[in-house]
Amino acid sequence: MANLVNLETVSKSFGVRPLLDGVSLGVSEGDRIGVVGLNGGGKTTLLEVLAGVEPADDGRVSRSRDLRMAVVTQRTELPEGSTVRNAVIDPLGFDAEHEWAADARVRSILDGLGIMALGLDSVVSTMSGGERRRVALAAALIQDLELIVLDEPTNHLDVEGVRWLAEHLLARKCALVVVTHDRWFLDTVCNRTWEVVQGKVEQYEGGYADWIFARAERQRLADAAEEKRQNLARKELAWLRRGAPARTSKPRYRIEAAEALIADVPPLRDNVELIAFAKKRLGRTVIELEDVTLSIPDRVLVRDLTWRIGPGERIGLVGVNGSGKTTLLRLLAGEREPETGKRIQGQTVKIAHLSQELLDLDGSMRVLEAIEEVARRVVLGKYEMSASQLGERFGFSSQKQWTPVSDLSGGERRRLQLCRLLMAEPNVLLLDEPTNDLDIDTLQQLEDLLDSWAGTLVVISHDRYLVERVCDRVVALFGDGGLTDLPGGIDEYLKRRDSVRDRETAAPAAAKAPSNAADQRLARKELARLERRLEVLHKKEAELHAALAEAATDPDRLLKLDAELRAVLAEQADVETQWMVAAEVVEG
């Protein structure tokens with residue numbers, strides 16, 4: 001395959017700090033490369049040197065002649081005073097004003113990134129940072145390209161948007177280089193991985209899972225000083241191997257080698273034991289909402305909602321951007337009052353709420369002082385550690401802990417904020433987009449701490465890997481005034497969103513088309529089949545509820561029966577959705 005970009009012994013420093021040191025690598029047609037590494041380690045610098053945004057200090061960067069390339073980094077700026085139409089549609093050169101609407105590829109990109117909802121005549125400069133990033137991403141993707149270079153493209157997308165972007169990039173023929181901490185995205189999209197570490201770039205075949213396997217093998221051969229990181233990687237492997245078997249593209253012998261590494265790793269967490277311990281810490285009542293109605297200026301988010309969150313529950317809250325997730329989390333935290341109904345909080349509850357806003361700390365304080373201001377020692381599950389040790393877990397080395405808070409980047413302040421919350425030893429954690437600005441190593445440290453944390457957790461995140469990893473239950477806001485339980489997790493959420501979109505698309509066409517007797521006959525037949533299936537599922541659900549009651553003293557059987565019940569409820573929801581579609585055809 002043709003080579004698009006080459007770096008030969010490239011070096012780049014800022015001040016006295018070398019970020020790239022003699023790096024040689026290349027990008028060819030068909031490459032989809034994920035770039036990983038610690039925050040501040042040089043990932044963005046590598047992208048900008050590769051794309052020509054920043055010059056190299058030493059070495060040579062060569063690109064193929066007339067390379068069609070688009071770059072969207074955290075420094076990408078749109079033309080001053082431009083509208084969405086100016087930035088995205090006008091460069092395409094359509095003759096008629098609305099000619100672009102007939103182009104399926106253009107419409108797909110605008111819909112997938114939610115650009116139409118922003119308004120084509122909206123001025124970009126008045127938008128939030130996340131909205132501007134989406135406009136810049138749309139302006140790049142809408143072009144006919146050979147290479148796309150992206151820096152953290154998933155940060156301002158919801159779960160549905162991340163999936164759309166992954167599918168879009170997989171369908172395109174162009175090469176891709178992307179910095180992201182979204183591990184599901186890395187595993188789904190990328191066929192190569194670059195790890196930027198101490199000025200060098202280590203190259204691996206495959207996506208996130210393959211990189212973890214290779215890194216664990218490298219760490220297994222390292223000296224004893226790397227033992228802590230090795231154990232963490234082995235635990236991460238245990239999680240990966242318990243997931244879908246298709247997570248890795250490595251040959252079988254590599255999988256067997258990885259399994260040998262993790263043979264003695266215990267389960268990620270003992271839910272029965274953690275819930276029992278959580279009940280001792282929290283009592284029976286944690287946070288309860290009774291007949292609550294919650295609104296924002298333009299609409300009602302939930303109406304007459306009753307939601308009881310129990311001790312030890314680990315809940316992922318999902319929904320499209322703007323669905324009200326953050327507002328609902330603020331209500332759970334006691335920072336927002338409902339219009340009707342009431343919020344009840346247990347007497348022993350101690351809440352820690354990680355919001356998307358950064359801490360306003362005294363800039364003259366050192367990092368360690370800011371952590372010790374909360375506490376000097378902390379017990380988190382099976383871990384007891386000092387403020388300094390917890391700081392190290394979140395990427396603040398012993399030297400970095402003496403940095404003034406005013407010198408920290410946005411991502412570092414975010415990590416400090418999370419560190420301070422955990423130092424307070426809460427028993428309820430409310431996390432709003434905790435993965436923003438966290439690198440993969442820090443995410444692994446956070447997940448490792450949460451594995452043995454005996455408390456109640458509610459997390460909002462577009463990072464489906466994190467939600468699947470730390471949560472046992474997923475609920476969603478679909479904009480219908482309710483809160484929907486999703487036994488099938490993120491996959492069920494995406495299927496339901498697809499179903500809603502399909503119905504919305506089909507409705508106008510159905511209104512214009514004459515009724516079709518043959519279609520109705522088929523729909524009636526399908527309706528009868530679905531009703532029979534629902535009867536079987538309802539019966540199975542009742543049997544499982546009875547079995548759960550009988551197995552109250554058998555934790556292993558309880559877990560098995562609970563998994564069966566979740567699967568039955570997930571299928572029930574899917575069949576009910578199909579029934580509604582068929583019923584509409586029959587009635588129409």
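**Burial, salt bridges and a helix pair**

Biologist: Does D21 count as buried, partly exposed or exposed?

Modeller: The structure is a predicted model, and D21 has a relative accessibility of 39% there. Buried requires under 20% and exposed over 50%. The value for D21 lies in between, so the residue counts as partly exposed.

Biologist: Which residue forms a salt bridge with K200?

Modeller: K200 belongs to strand β9 (residues 200-205), and its partner belongs to strand β2 (residues 17-28), 179 residues apart. K200 is partly exposed, with a relative accessible area of 39%. The closest N and O atoms of the pair are 3.8 Å apart, and the partner of K200 is D21.

Biologist: Which strands are tied together by the salt bridge of R308 with E288?

Modeller: The closest N and O atoms of R308 and E288 are 3.6 Å apart. R308 is partly exposed at 45% relative accessible area, whereas E288 counts as buried at 16%. The two residues are 20 apart in sequence, so the pair ties together separate parts, namely strands β11 (residues 299-309) and β10 (residues 287-296).

Biologist: Are E447 and R469 buried or exposed?

Modeller: These residues form a salt bridge, with their closest N and O atoms 3.8 Å apart. E447 is in helix α16 (residues 440-451) and R469 in helix α17 (residues 464-470), so defined as DSSP runs. The pair links parts of the chain 22 residues apart. Both E447 and R469 are buried.

Biologist: How many salt bridges does the structure hold?

Modeller: Side chains of opposite charge can pair when their charged atoms come close. Salt bridges that share partners join K12, E54 and D57 into one network. For the structure, the number of salt bridges is 25.

Biologist: How are helices α3 and α6 oriented to each other?

Modeller: The axes of α3 (residues 104-112) and α6 come within 10 Å and cross at roughly 150°. The contact is made by S108, I109 and G112 of α3 and by G161, W164 and H168 of α6. By class, this contact has 2 nonpolar, 4 polar and no charged residues. Angles over 145 degrees count as roughly antiparallel, and α3 and α6 are therefore roughly antiparallel.

Biologist: Which residues does N155 touch, not counting those up to four places away in sequence?

Modeller: N155 is found in the loop between β6 (147-151) and α6 (159-171). With a relative accessible area of 14%, N155 is buried. Not counting residues up to four places away in sequence, N155 touches H181, N436, D437 and H462.

Key
Residues are numbered from 1 along each chain as its sequence is written. This is a predicted model: local features need pLDDT of at least 70, side-chain atom pairs count only at pLDDT 80 or more; totals for chains, interfaces and linings use all residues. Side-chain values use heavy atoms; hydrogens and water are left out. Helices (H or I, at least four residues) and strands (E, at least two) are DSSP runs, numbered from the N terminus. Buried means under 20% relative accessible area, exposed over 50%, partly exposed in between (1.4 Å probe, protein chains only). Contact means heavy atoms within 4.5 Å. Axes are lines fitted to C-alpha atoms, for helices over the stretch in contact, and angles run from 0 to 180 degrees between N-to-C directions. Angles under 35 degrees count as roughly parallel, over 145 as roughly antiparallel, 65 to 115 as roughly perpendicular and the rest as oblique. Ala, Val, Leu, Ile, Met, Phe, Trp, Tyr, Cys and Pro count as nonpolar, Asp, Glu, Lys and Arg as charged, and the others, Gly among them, as polar. A salt bridge is a side-chain nitrogen of Lys or Arg within 4 Å of a carboxyl oxygen of Asp or Glu.
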